[in-house]
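Subject: Structure handover

Hello,

Please find the structure below, followed by notes on what was found in it.

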Amino acid sequence: MFDNFLFISSAALTVCGALAVVLSPNLMHACTYLLTSLIGVSGLYVTLSADFLAATQLVVYVGGVVILMLFAIMLTGGNDNKSVNKFGIEKIAPMGNIKTFTLAGLSALLMALVISKIIVNVTKAVPKGELPPFSSTVEKIGELLITDHVLAFEISSVLLLGALIGAALIARPRKIES
Amino acid sequence: MNETVVTFFSGSHPYQVVTELLTRYLGFNATGLLTVVTFFVACFVIVNVMALVGGLGTYAERKISADMQMRQGPNRVGPFGILQFLADGVKMIMKEDIVPKDSDKMIFFIAPILCMAGVFATLAVLPFSSGFTLTHLNIGVFYLLGVSSVVGVGIFLGGYSSNSKWSMIGGMRGASQIISYEVPVTLSIIAMVLLGGGLNFKDIVGAQGGLPHQWFIFHNPFTVISFIVFFIGALAETNRAPFDLPEAESELVSGYHTEFTGMRFAFFALAEYVEVFVLCGVAVALYLGGYQVPFELSDTFLLHNKIGLPLGPARILGQLLEVGGFVSKTCALYYVVIWIRWTLPRLRVDQLMTLCWKYLTPIALINLVGVAFWVYYFDGESMWNLIFKSGAAAAGGH
Amino acid sequence: MITLSSYLAISFLLFVCGIAVMIARKNIIAILLGVELILNSCAINFVAYTRFVNNNLDGHIMSLFIIIIAAAEAAVGLAIVIRFFQIRESIHIDDATQLLQ
Amino acid sequence: MSAYNLNVYMPVVILVAIAIVMVVGALLVGKLLRPHNPTALKEQAYECGEEPVGSAWSNFNVRFYVVSLVFIIFDVEGALMLPVAVVFRKFQGIGNGAVVLGSFLLFIGILVSGIVYCWRKGDLDWVKSFTLNSYNEDRDQIAESKTA
Amino acid sequence: MEYTLGSILPILLGPFLAFVVNIFIVKKWTKLGVFLSCFGMFVSLFYSFRIFKDFVFGKYSTGYYVHKVFPWFDLKAAGVSNFAVDMGIYLDNMSAVMLFMVAGCAFLIHIFSTYYMAGDARYGRFFVYLSLFTTGMLGLVLSDNLLSVFIFWELMGFCSYSLIGFYYEKEGAGNASMKAFMTTRIGDVFFLVGILAIWTTVGSVRFVDIYAAIADGSFNGLYAVGLPLATFAALSVFMGTIGKSAQFPLQVWLPDAMWGPTPCSALIHAATMVAAGVYLSLRMYPLMELGGITTFIAYIGAITAFGAATIALVQTDIKAVLAYSTISQLGYMVLGIGVGAYNAAFMHLITHAVFKACLFLAAGSVIHSLHDHHTHGHVQEMPRMGGLRKKMPLTFIAMLCCTFAIAGFPLFSGFVSKDRILGDALVMATQSKAYWIPAFLGFTAALLTAFYMFRMMFLTFFGEPRDKDLYDHTHVEKLSWNRNLPLLILTVFTLGGWYSGHFFGGWVKIPGVEHKEWFATLIEKPRVENFKAYKSLPFGSVDTGADRVFEESQFNPDKYFTEKEAHHVHLVHAIGAWASIAIALAGWFIAFMMYSRGAWNPGRWVNAFSGWYRALQNKYYFDDLYVKGILQKGLLPFNNLLSRFDMGVFDRYAVDGWEAVNRFFYRIAKWVDDVIVDSVGVDGTGASVRFFNVILRTFQNGKIQFYFIIFLVVMVGYIWKLV
């Protein structure tokens, strides 16, 4: 009962958020809608009994990536010229125009055709299993992280290091040698 | 096992009787319905209590600051002015709701909701007692971190949406301050999780005891520093003085909620006060023994078999004792927070960032490593245990 | 009845939305939003499969690393955007057609 | 249905719902009680009584971004370290504490080198040596190189 | 027996981790880095002493060894059958003694270097190399197979290259480092060939497997390039020794190695680099024996010992004398191997390491204090020294003791070991005529050794100062922990009693003290038959050794002889011992007469043997031979020949002829070009390019979203096909 409610509400949140991201003409609003979509995904993780992932989704995406995006919007949105949009160069172009939306719609349709075909085939192949009982995943993930996936664990730290150094290097204003 | 307030009650006789009766009269299995109702009632109670806490927080703040400044403070409404917050509430709801013309209306509406939702969602795992906690999630602390990070987004959007320069600066400052101080706080929490061996508050609190030497704060030298780091970080995360730069009245008028009037402002304020309470509660649960009562007085077995109370009242009394322990410790911390606000001057923004990144974060990292080494070398024994053991050995033990 | 296909459908919708965002938008940051959507849809797929098909936690680990990579990607990507904006005073994707400056 | 199910998340949903209902409800109820007579002056953003010049949504300093960048890296690091921290004592119990400690320390060490880098490069300084000047110079140089 | 990895690996990891950390920190935090290096060495010393104590004086019997193995790579999975290489640790008495010696000497040299190198511009970098160098040697000693021996061997080669060329601003240092590197490389190539030869036969390169194979007779009946395989392999491996330990044909690099800072010379000449070659030969002794090349080895050793000693007679540079004495002493060790004096050779390795390290450090101490105020350099020339014993008494004592040791005076360590080698050489000579020459050369070299060492002593420390200015500017030596302490500690260990058990020779017996010949008891030839039932243990397991407690060996030199033979051997040994003493005294006497009393004029000898003198000064023209003979006469003409062929034949006929052919076709082509290509081809191509350009430009527009759409379309096509 509650499972279904949680699933449906999270799914609705996710999908509606995603659609709103597509349709919103305002970048800041799109980012807010992305936030709701991400929270919905977190709810979906909960229904899949991936509780740790749900929390990670909240911490990393909501607390991190979205704020990063918001900051980036504010850092790039400054232009006092009134003839342009708040966040772009031209009024319409940054958030798309009829041409791009048509293109996007066509591509999305194309993808939809293909992926629906995949999904149909896959669901035929996979036996319809009941949901296994809900269980906690934190300890199991911890064990996996230091046994089977220890290399990935360590390498991810290297990845993060690279991202940190690279991004700091790029974002830092510096003098360019001519 | 994931325990909730429902599992606590569902073991009791009256609850089962009610379930049976309802099932009989309604014609379907009423377990689910009763679960929802129980949860709803519990949530409602806790939300109301928290609203009360928020209200009393403002009152306490004013009264304590008055005490410190040798003034009277609010003293007209009710005895000692204790009903002042109700009067404030009424005033708030009667105020005109002004939405700036150039503002982003949608986000202007959403921002307080994000703050409120983020703060209230943290209440779900706040461990008032072993039974009366809404739910002991397996990812308790981590969940709390994730949900409370929504507040940062709320503050940023609040500052952004009003299209006022003060608000914008306040919002940027608030968001960057909150995320910055989340780093040392997270690192301190990881150290405690290492000691407690679980993210669940029940595990962490259960690993501690009722007496101070069993608390994690005095577990080893690192945890003391860890507590200080956590506490400073919590102050900054809730934008409390001396870290109230996002709403620094002398610089930014009123910071990110400059343009919010009436109830919208009230919600921001309420969210802040409740968040302070919640973070004090987390500090208590992580470091100060949580709901543990000294000498295990709250033990149902003790109350039921040794003292002779009936089972039901014994359980309830035990839980109430635990709630009392938790709330009293939390209120003590709350007092410290207010005390700090009226004692220390506000930091400058560069000092704020320096404190976070150049002092607290390295200290928290070293602490984390230190705690990990402690757990490794002493097998998780607290320093008191080691002292007692070595003392016993010196006194002729084996 | 919640089945694998319902999750697949959601991730499918998310994916398509992401693609649409990536093509329709001319704002680089908005395009990055689309990338996030696509990454999330993949992560949902991983978790759903691991839940319904083999019920171990490998999919969770995979999703965890997707989240990590998404965070790193967002950090670096946005840094590039900011740098680009500093140089070009624009975040229009069609202004970013040349690698050199 | 066992007690071990998704019901544990019910309070979360209820609390969030209460929060939303509270805000919306208070605003709706307030609408009936409070006065509503807006004027142009009232609806202007308050900037100490002066007329606002331009939009507030303007370009901000990069330092906010660098801080949030370091933060997100640590955020992810925390998310990865928590499960390991949880199982540390368990592995310690079966005598494998050293392995976990080793990988844990290696993980931290690699990231610490990152923050040390940022520290050395001055990314953690709020008041940086580079300010608008170098930024403008930068732009001028690019403009020159473009024209040349 | 409880040797877990935790008690063995720190030996290697101490200096290695110091090296790794130092790479990063030493430039900035030099003092900390130097301390780390020394501390890493101390850790190594501590653990190796523990092993030394347990193995040599502890409860573990002689035949005991620890062998821990872990798989390095295994190609079975990749389809290559039976190709798996294991790495491992092999510990027995010999490696225990060796480890302690290496770690001890290296530690003291580290300490001394803090005195010697302080103030140098590359003070920190020196320690980086030093740590890595020591790691290489320790790793080589701990290795259980030839492959990892080779790896560490090359690691040392690299380090010696860096250390010899440490002052790379000086041209000589750069050349010397390259010379050392290239010369040893020749030996290394042969060594690698030897490893491969062994691997093809045994299927493994572990020592224990090789021993087992020798015991099983796996080498019998196999031939390679006309030689029995065992001989071939033994020769190849011995070539490695020749290169690394600077034996007769490849000895040229070692004297030049003194271009490096003196402490590193001490390390290269004493404990590490050159010792590695001899150590390898000792490890592979059963193979040499099987290959029947012991006589060859004896000759090589004797020639080296004698030749180097003669060259040392005429050197005036204090370090050069020591360098040639090193070659000479290495020759003794190899001679010992050749005449079957296994443990005497090994003992000489150890004793030589100790006194040679001490000698070099003492020389360093002398050189460092002699500062030329005109050239602002240190003075190494003996003619400018003299009378220094008053200025630096502690160094003098250390150097004197070492000189006694190397000259083979009784009571000192050199006597104990060298006498045994010479004694055994004499025994072999009485049994086989072929050994007369090595024995004779050995005894002669002993005489020369005593002579040139005392010559060095007299020139340096006795008499009147020959360069008054230099002498007056030299400070009187002050006792300092990092200058004198390493010297004095090493000096203590130049006493023979530490090695033989008899502090006063065999004659004076202290009542109540058991004289135990631990060295002779515990170090013995690998008895290959013991390894037939060998079973290796997985890496990291606790080695209980229950299945490998071998028969205790009691030192009994008569064990292998009948009573009559034993009597003969004893007699010959006694003769050899007395002869050694007499020879050492004679050497001292000649030097004394020449350089202290001045009774005999060395110049007369020079005049009398002026041809020999020039030959000696030019090191028997070996460098000239290699450079002018082999390189210039052999390789350079070959090169020239090739180039002449290139210019004369190839250029003239092939290239020029081709040109003529081309010129003909050019005429035809020009016409075709003008008429067909230009009008039709070029213009047409231009038009078509312009046409495609229009199409392609729309694709190559730099717009990411456009690319993305293309990508999507292609992907959709693929998926549609696949699903």
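**Confidence in chain A**

Chain A has a mean pLDDT of 76, and 78% of its residues reach 70 or more; pLDDT is the predictor's confidence in each residue, from 0 to 100. This is a predicted model, in which local features need pLDDT of at least 70 and side-chain atom pairs count only at pLDDT 80 or more, while totals for chains, interfaces and linings use all residues. Residues are numbered from 1 along each chain as its sequence is written, and chains are lettered from A and ligands numbered from 1 in the order in which they are written.

Within chain A, confidence is highest in helix H2 (residues 27-47) of chain A, at a mean of 88, and lowest in helix H4 (residues 98-125) of chain A, at 75. Helices (H or I, at least four residues) are DSSP runs, numbered from the N terminus. In residues 78-93 of chain A the pLDDT is below 50, and beyond near neighbours in sequence this stretch has 31 contacts in the model. Two residues are in contact if their C-beta atoms, placed from the backbone, lie within 7 Å.

**Chains C and A**

In the model, 75 residues of chain A are in contact with 58 residues of chain C. On the chain C side, the elements giving two or more residues are helix H1 (4-24), helix H2 (28-54) and helix H3 (58-88) of chain C. H3(C) provides the largest share, 21 residues.

**Nonpolar cores**

A nonpolar core is a set of buried Ala, Val, Leu, Ile, Met, Phe, Trp, Tyr and Cys residues joined through C-beta atoms within 7 Å. A residue is buried if 20 or more other C-beta atoms lie within 10 Å of its own. The largest core has 275 residues, of which A:Val66, B:Ala283, C:Ala75 and D:Leu69 touch the most other members. Leaving out residues up to four places away in sequence, C:Ala75 touches A:Leu68, A:Ala163, A:Ala167, D:Leu69, D:Ile72 and D:Ile73. Another core, of 223 residues, lies apart from the largest one and includes E:Val102 and E:Tyr452.

**Two further places**

In chain B, 24 of the 26 residues of H11(B) are buried. Just after H11(B), B:Gly289 takes a positive phi of about 80 degrees.

In chain E, E:Phe461 is found in helix H18 (residues 436-461) of chain E. E:Phe461 counts as buried because it has 22 C-beta neighbours inside 10 Å. Not counting residues up to four places away in sequence, E:Phe461 touches E:Leu388, E:Arg389 and E:Phe396.

Regards

Methods: A residue is buried if 20 or more other C-beta atoms lie within 10 Å of its own, exposed if 12 or fewer, and partly exposed in between; C-beta atoms are placed from the backbone.
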